Amino acid sequence: MNKQTATYIAYWLNANETGTDQMSWGDIANLTHETQLGIYGFCTCESQEETGYRPYDDCPTEGPYRQ
């Protein structure tokens, strides 16, 4: 994980804790598999393993889906 991604995740973890976690459409557009896991502990590709749905370019193509 690069520093920019780590900073982004830390910002949103803090926002979740303080109740200021209102993401804009731009924030949502910036999400990736790595940031989804870092912020929420889950990516939607995990529930779509059977279909192979990959909402982000960095989603794994094969399990395990959590990195």
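Colleague: What pLDDT does the protein chain average?

Modeller: This is a predicted model, and pLDDT is reported for its residues. Of the residues in the protein chain, 93% score at least 70. The average pLDDT of the chain is 86.

Colleague: In which helix of the protein chain is confidence highest?

Modeller: Confidence is lowest in helix H2, residues 25-29, where the mean is 88. At the other end, with a mean of 92, stands the helix of residues 33-40. That is helix H3.

Colleague: How many helices does the protein chain have?

Modeller: From the N terminus on, the elements run α-α-α. There are zero strands in the protein chain. The number of helices is three.

Colleague: What percentage of the residues in the protein chain is buried?

Modeller: The protein chain has 67 residues. A residue counts as buried when its relative accessible area is under 20%. By that cut-off, the buried part of the chain is 28%.

Colleague: What percentage of the accessible surface of the protein chain belongs to carbon and sulfur atoms?

Modeller: The accessible surface of the chain comes to about 4700 Å². The part belonging to carbon and sulfur atoms is 50%.

Colleague: Is the aromatic pair of Tyr11 and Trp12 stacked or edge-to-face?

Modeller: A search of the whole structure finds one aromatic pair. The ring centres of Tyr11 and Trp12 lie 4.9 Å apart, and their planes stand at 85°. Planes over 60 degrees apart count as edge-to-face. The angle in this pair is 85°, so the rings of Tyr11 and Trp12 are edge-to-face.

Colleague: Is Trp12 buried or exposed?

Modeller: The relative accessible area of Trp12 is 3%. The cut-off for a buried residue is under 20%. Trp12 is therefore buried.

Colleague: Why does Leu37 count as buried?

Modeller: Leu37 has its place in helix H3. The buried residues of H3 include His33, Thr35 and Leu37. Buried means under 20% relative accessible area. Leu37 counts as buried because its relative accessibility is 17%.

Colleague: Which helix is included in what covers the buried residues of H3?

Modeller: Among the buried residues of H3 are Gln36 and Ile39. The cover over the buried residues of H3 includes a helix that spans residues 3-18. That helix is H1.

Colleague: How far apart in space are Leu37 and Ile9, C-alpha to C-alpha?

Modeller: In sequence, Leu37 and Ile9 are 28 residues apart. In space, the distance from C-alpha to C-alpha is 9.1 Å.

Colleague: Which residue just after H3 takes a positive phi?

Modeller: The phi in question is about 75°. The residue that takes this positive phi just after H3 is Gly41.

Conventions: Residues numbered from 1 in each chain as written. Predicted model: local features only at pLDDT ≥ 70, side-chain atom pairs only at ≥ 80, totals over all residues. Heavy atoms only, no water. pLDDT = per-residue confidence, 0-100. Helix = DSSP H or I, 4+ residues; strand = E, 2+ residues; numbered from the N terminus. Buried < 20%, exposed > 50% of the residue type's maximum accessible area, 1.4 Å probe, protein only. Areas by Shrake-Rupley, 256 points an atom, 1.4 Å probe, with all protein chains shown as cover. Phe/Tyr/Trp six-rings, centres within 6.5 Å; stacked < 30°, edge-to-face > 60°. Contact = heavy atoms within 4.5 Å.
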